[in-house]
Amino acid sequence: MRARPLCAPNPGVAALIVKEGRVIARGWTRPGGRPHAEAIALAAAGDQARGATMFVTLEPCAHQSTRGPACADLVSASGLARVVVGCADPDPRTAGFGMERIRAAGIIAELADSPESRASLEGYLMQRRFGRPHVTLKLATSLDGCIALASGESQWITGPEARAHTHAMRARADAILVGGGTYRADTPRLDVRLPGLEDRSPERWVLTHGEVADGWNALPAPQAITGMAHIQNLFIEGGAGAASAFLRANLVDRILLYRAPIVIGGGRPSIGDIGLSRLADAHNRWQLSSRRQLGQDTLDIYEAHPCSPA
């Protein structure tokens, strides 16, 4: 999480080196994608790496680059006794080759197939396997599912704790998107306003066929996210039209549902028509993965199409 999103275009990887039950070094991918996590951890450990175990969230890279040596080569020359890999790398330049090279150097290499590692790399894995970003849809609603009064007044549905949490979620994304209506009506800033995380404000996108101002990017349709090759994690924050469009296209992987303990009645709904014709089709699409209290508000997190090891 410390690496995202500044590590783009590389994935945010973490590495720990453990010796005699103690963490002796750690590293994570640095801004711009270099140095890699393994290189930083090995440099910090120095000679103490000999005989130690490295835990790394993604298989060490095996391909050559003008930006630095392959991590599989660094690991092979390190004197480590064992490497535990959380997630295999689907990049054909590395897939399996990284671990093979490490084993050829006499180092034990194990694939842990860790769900937590895959979750931390969800955007990278989605791009590699399906050619699009991982998409999170954020909804902030009243108990009766409204995002604003009938007049359009919406500040604020949720309280300060929920809004701060939203900014933390923005800071993990490469890009944030709103619908054309929200863009024209509110001209939102869509930045990160948490102390120390201001430099993690994501790219700003609008779902529109029209022109956008400097500093914004236009996305003509949800399906066009296949052209966002440099974006690993996309955060959708408003409004009902954009939410409906992505749900209708079956391109939402996670829903963050912030609910305030208020009832509006007759307000603007959070989601419009998503093309369902049978109630049965609405079932078995979402699974609750987490629930927490944020001040007076409740956050429910729902997952769909989670990254799998396949």
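Tutor: The model is predicted. Setting aside neighbours within four places in sequence, which residues is Ile 17 in contact with? They are Arg 22, Val 23, Ile 24, Ala 25, Ala 41, Leu 42, Ala 45, Ala 52, Thr 53, Met 54 and Leu 80.

Student: How do I read a single strand residue? Take Val 84. Is Val 84 buried or exposed?

Tutor: Check the relative accessibility against the cut-off. Buried means under 20%. Val 84 has 9%, so it counts as buried. Val 84 lies in strand β4. Beyond four places in sequence, Val 84 touches Thr 53, Met 54, Phe 55, Val 56, Glu 110 and Ala 112. Take Val 56 from that list. Val 84 and Val 56 are 28 residues apart along the chain, and their C-alpha atoms are separated by 6.4 Å.

Student: And a loop residue, such as Arg 93?

Tutor: Arg 93 sits in the loop between β4 and α3. Its relative accessible area is 46%, so Arg 93 is partly exposed. Arg 93 and Cys 61 are 32 residues apart in sequence, yet 7.9 Å apart in space, C-alpha to C-alpha.

Student: How do I read a helix?

Tutor: Recall the geometry. An α-helix has 3.6 residues a turn, so residues three or four places apart point the same way. Then list the buried residues.

Student: Which residues of α5 are buried?

Tutor: Glu 122, Gly 123, Tyr 124, Leu 125, Met 126 and Gln 127. The buried residues of α5 pack against β3, β4, α4 (115-120), β6, β11 and β12 (254-259). Just after α5, Gly 131 takes a positive phi of about 70°.

Student: What about α6?

Tutor: In α6, the buried residues are Ala 162, His 165, Thr 166, His 167, Met 169 and Arg 170. What do the buried residues of α6 pack against? Their partners are β6, β8 (175-179), β11, β12, β14 (287-294) and β15 (297-303).

Student: How do I find pockets?

Tutor: Look for empty space. Rolling a probe the size of a water molecule over the atoms shows where empty space is left. In this model, the largest pocket has a volume of about 1000 Å³. Its lining has 36 residues. Nearest its centre lie Lys 138, Ser 154, Trp 156, Asp 186 and Glu 237.

Student: Which elements supply at least two residues each to that lining?

Tutor: They are β6 (134-141), β7 (146-148), α6 (160-170), α7 (180-186), β11 (233-238) and α8 (240-248). The largest share, seven residues, comes from α6. By type, the lining of the largest pocket divides into 16 nonpolar, 12 polar and eight charged residues.

Student: And the second largest pocket?

Tutor: Its volume is about 450 Å³. The second largest pocket is lined by 26 residues, with Pro 9, Asn 10, Pro 11, Tyr 124 and Arg 128 nearest its centre. α1 (37-45) and α5 (122-130) are the elements that give two or more residues to this lining. α5 gives the most, with three. The lining of the second largest pocket has 10 nonpolar, eight polar and eight charged residues.

Student: Last, how do I judge the whole chain?

Tutor: Count elements, then check size. The protein chain has eight helices and 15 strands. Its radius of gyration is 22 Å, close to the 19 Å that the globule rule gives for 310 residues, so the chain is as compact as a globular protein of that length. Of the 310 residues, 48% count as buried. Among contacts between residues at least 6 apart in sequence, 73% join residues at least 24 apart.

Notes: Residues are numbered from 1 along each chain as its sequence is written. This is a predicted model: local features need pLDDT of at least 70, side-chain atom pairs count only at pLDDT 80 or more; totals for chains, interfaces and linings use all residues. Side-chain values use heavy atoms; hydrogens and water are left out. On a 1 Å grid over the protein atoms alone, a cavity is a set of points where a 1.4 Å probe fits but cannot get out, and a pocket is an open set with protein on both sides within 12 Å along at least five of seven lines; lining residues have an atom within 4 Å of a point. Grid points are joined across faces, edges and corners, and a volume is the space filled by probe spheres set on the points. Helices (H or I, at least four residues) and strands (E, at least two) are DSSP runs, numbered from the N terminus. Ala, Val, Leu, Ile, Met, Phe, Trp, Tyr, Cys and Pro count as nonpolar, Asp, Glu, Lys and Arg as charged, and the others, Gly among them, as polar. Contact means heavy atoms within 4.5 Å. Buried means under 20% relative accessible area, exposed over 50%, partly exposed in between (1.4 Å probe, protein chains only). The radius of gyration is taken over C-alpha atoms; the globule rule is 2.2 Å times the number of residues to the power 0.38.
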